[in-house]
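Me: I am new to this structure. Can you show me how to read it, one feature at a time?

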Amino acid sequence: MKEINCQHCLLPIQDREDLVVSFSLLSLRPYHSSCYSQVLKGFGNLITNNQPVNGPYSAFVIGFSVIFAIILAVIQPGLILLSLLLIAYTFGPRLLSYYRYEQHLPK
Ligand SMILES: [Zn+2]
């Protein structure tokens, strides 16, 4: 089993419940949920939209973007590439988060 270390305190993350993956500046960063709340108070979050990738907000955004992309592709078939890019931009980090971090941690 691969060890996942928190980017803030550098200690290993024990389970998926304690894992928060943030997507900022086009990179994924794993944190403990307690460390993430400390990082959120940092200055960088005023500039970047630092929402957790594996949280309920992310699931809502992915669901909304998939529905929006399907509607867009049906109404304007010429914009299907834009629809696919929208899905890739919202669902890609979530998929990468699962592949790189979540699958290695017990539930
Ligand atoms: Zn930590």
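Reply: Start with the record. UniProt, in an unreviewed entry, lists residues 59-91 as "transmembrane region". The model itself is predicted.

Me: How far apart are the end C-alpha atoms of residues 59-91?

Reply: They lie 9 Å apart. The span is 88% helix and 0% strand.

Me: Is helix 3 largely in the open or buried?

Reply: Count C-beta neighbours. A residue is buried if 20 or more other C-beta atoms lie within 10 Å of its own. In helix 3 the number buried is one of 20 residues, so this helix lies largely in the open.

Me: Where does helix 4 bend?

Reply: The bend is at Phe 91, by about 40°. A proline, Pro 93, follows within four residues. Helix 4 runs over residues 80-100, and its 21 residues should span 30 Å. The ends are 29 Å apart by their C-alpha atoms, which agrees.

Me: Which residues of helix 4 are buried?

Reply: Ser 83, Pro 93 and Ser 97. The buried residues of helix 4 pack against strand 1, strand 2 and helix 3.

Me: What does Cys 9 touch?

Reply: Leave out residues up to four places away in sequence, and Cys 9 touches His 32 and Cys 35. Cys 9 sits in the segment before strand 1. It has 13 C-beta neighbours inside 10 Å, so it counts as partly exposed. From Cys 9 to Leu 95, the C-alpha atoms are separated by 25 Å.

Key:
Residues are numbered from 1 along each chain as its sequence is written. This is a predicted model: local features need pLDDT of at least 70, side-chain atom pairs count only at pLDDT 80 or more; totals for chains, interfaces and linings use all residues. UniProt positions are given in the numbering used here, feature names are shortened, and annotations may be inferred rather than shown by experiment. Helices (H or I, at least four residues) and strands (E, at least two) are DSSP runs, numbered from the N terminus. A residue is buried if 20 or more other C-beta atoms lie within 10 Å of its own, exposed if 12 or fewer, and partly exposed in between; C-beta atoms are placed from the backbone. The expected span of a helix is 1.5 Å times one less than its number of residues. The bend at a residue is the angle between axes fitted to the seven residues ending there and the seven starting there. Two residues are in contact if their C-beta atoms, placed from the backbone, lie within 7 Å.
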